[in-house]
Amino acid sequence: MTHLKLYCFFLYFILSFFEDHHKMNGILIIGGSDCSCGAGIQGDLKMITCLGAYATTVITCVVAEHPGRVESLYHLPSSIIESQFHSILDFFPIDAIKIGMLYKKELPQKIVELIRRFKINAPIVVDPVLAAGNGDSLAEPGMEEELAKNLFPLATVVTPNIEEAELLSGLRIESPEDMLRVAQDLSEQYSTSFLIKGGHLQDKTTVDVLYHKGIAHKFELPRIPHANPHGTGCSLASATAVFLAQGLELPKAVEKAKTKLYEKIKSQLQIGPFYFLPPT
Ligand code: PXL
């Protein structure tokens, strides 16, 4: 090394001590684009940004939708999905991953391959997106098995809503007690934690149930009358990813995520005939 190079290296080293690095947790979101910006990538991006983390996105498909219905969707070729991974992971630190809508049945295996190839070692929240809140399909038939075989073994937590938990378990869920039983069953079957999101059960309270390391945790908050904004499921999962990135234990991360979501639901925005979570 020349003297000049050595001097520059030394100067850089000294200056880096005084630099005011603004450290933010990096959250990688893998999922579908919702053009109405309620759910999917855009919903996650709003929640993650609000919580002070920095989100990067790998978009798997583009969905033309609003909260009332899914109009059409276009899934992206696997080469561009891989390329997005490259662009981000060549330089970006990842403190948590949130996986949402994949649509194509071959994607769970592909995503696992990429996570392994890039040696990402961070908590992973798997939202097993199968259908939209209005019942429209958001995955190819047979996605349940592909998610279970490939992604559940890597998941820190899997976050189905009631309908998705029913599809994954083959059991009916009509009450918080059913949620507890199914969360335990799924958790034991797949050896990972399950958070069943109960927002779609009609009750005076909203209950989410986490089964984690042999213990059931029930998170209950009052239901806000007439509040049904789009994207609550995605937002709960992405907020959980942020708190896991901060190093919180899973039950605490879920509790904080639910409290944040509750605050946002209280100030939901009416836009046309639909309700959305506020962007701030
Ligand atoms: O509301 C469900 C939904 C709609 N659209 C996209 C989603 C989801 C749920 O995850 O990812 C793109």
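Student: Where does Glu-146 sit?

Tutor: Glu-146 is part of helix α5. Helices here are DSSP runs of H or I with at least four residues, strands are runs of E with at least two, and both are numbered from the N terminus. Keep in mind that this is a predicted model, where local features need pLDDT of at least 70, side-chain atom pairs count only at pLDDT 80 or more, and totals for chains, interfaces and linings use all residues. Residues are numbered from 1 along each chain as its sequence is written, and side-chain values use heavy atoms, with hydrogens and water left out.

Student: Is Glu-146 buried or exposed?

Tutor: Glu-146 counts as buried, because its relative accessibility is 17%. Buried means under 20% relative accessible area, exposed means over 50%, and partly exposed is in between, with a 1.4 Å probe and protein chains only.

Student: What does Glu-146 touch?

Tutor: Lys-105, Pro-108 and Leu-151, leaving aside residues up to four places away in sequence. A contact means heavy atoms within 4.5 Å.

Student: And how many residues of α5 are buried?

Tutor: 7 of the 9, so α5 is largely enclosed by the rest of the structure. Those buried residues are Met-143, Glu-144, Glu-146, Leu-147, Ala-148, Asn-150 and Leu-151.

Student: What covers them?

Tutor: The cover for the buried residues of α5 includes β4 (96-99), α4 (107-117), β5, α6 (162-169) and α7 (176-190).

Student: OK, what about α6, which residues are buried there?

Tutor: Ile-162, Glu-164, Ala-165, Glu-166 and Leu-168. Their cover includes α5, α7 and β7 (193-197).

Student: What happens at the start of α6?

Tutor: A side-chain oxygen of Asn-161 comes to within 3.2 Å of the backbone nitrogen of Glu-163. For a polar contact, the cut-off is a pair of N or O atoms within 3.5 Å; within protein, one must be able to donate a hydrogen and the other to accept it, and residues adjacent in sequence count only if both atoms are side-chain atoms. After α6 comes Gly-170, with a positive phi near 75°.

Student: Which residues other than glycine have a positive phi?

Tutor: Lys-213 is one of them, with phi near 50°. Lys-213 is in the loop between β8 (205-212) and β9 (215-222), and it is exposed because its relative accessible area is 68%. Cys-37 is another non-glycine with a positive phi, about 60°. Cys-37 belongs to the loop between β1 (26-34) and α2 (40-50), and at 32% relative accessibility it is partly exposed.

Student: Switching topic: where does the ligand sit?

Tutor: In the largest pocket. On a 1 Å grid over the protein atoms alone, a pocket is an open set of points with protein on both sides within 12 Å along at least five of seven lines. A molecule sits in one if more than half of its atoms lie within 2 Å of its grid points.

Student: Which residues are around the ligand?

Tutor: Gly-32, Ala-39, Gly-40, Glu-65, Met-101, Val-129, Ala-132, Gly-133, Leu-138, His-230 and Cys-234. The criterion is a heavy atom within 4 Å of the molecule. A polar side-chain atom of Glu-65 is 2.6 Å from a nitrogen atom of the ligand. The ligand taken alone exposes 310 Å², and the protein buries 91% of that. Those areas come from the Shrake-Rupley method with a 1.4 Å probe.

Student: And Ala-139, where is that found?

Tutor: In the loop between β5 (124-126) and α5 (143-151). Ala-139 is buried, with a relative accessible area of 9%. Leaving aside residues up to four places away in sequence, Ala-139 touches Tyr-103, Val-129 and Leu-130. Val-129 is also among the residues around the ligand.

Student: Last topic: which strand holds Phe-194?

Tutor: Phe-194 is in strand β7. Phe-194 is buried because its relative accessible area is 0%. Not counting residues up to four places away in sequence, its contacts include Phe-152, Val-157, Leu-168, Leu-186 and Tyr-211. Leu-168 is one of the buried residues in α6.

Methods. On a 1 Å grid over the protein atoms alone, a cavity is a set of points where a 1.4 Å probe fits but cannot get out, and a pocket is an open set with protein on both sides within 12 Å along at least five of seven lines; lining residues have an atom within 4 Å of a point.
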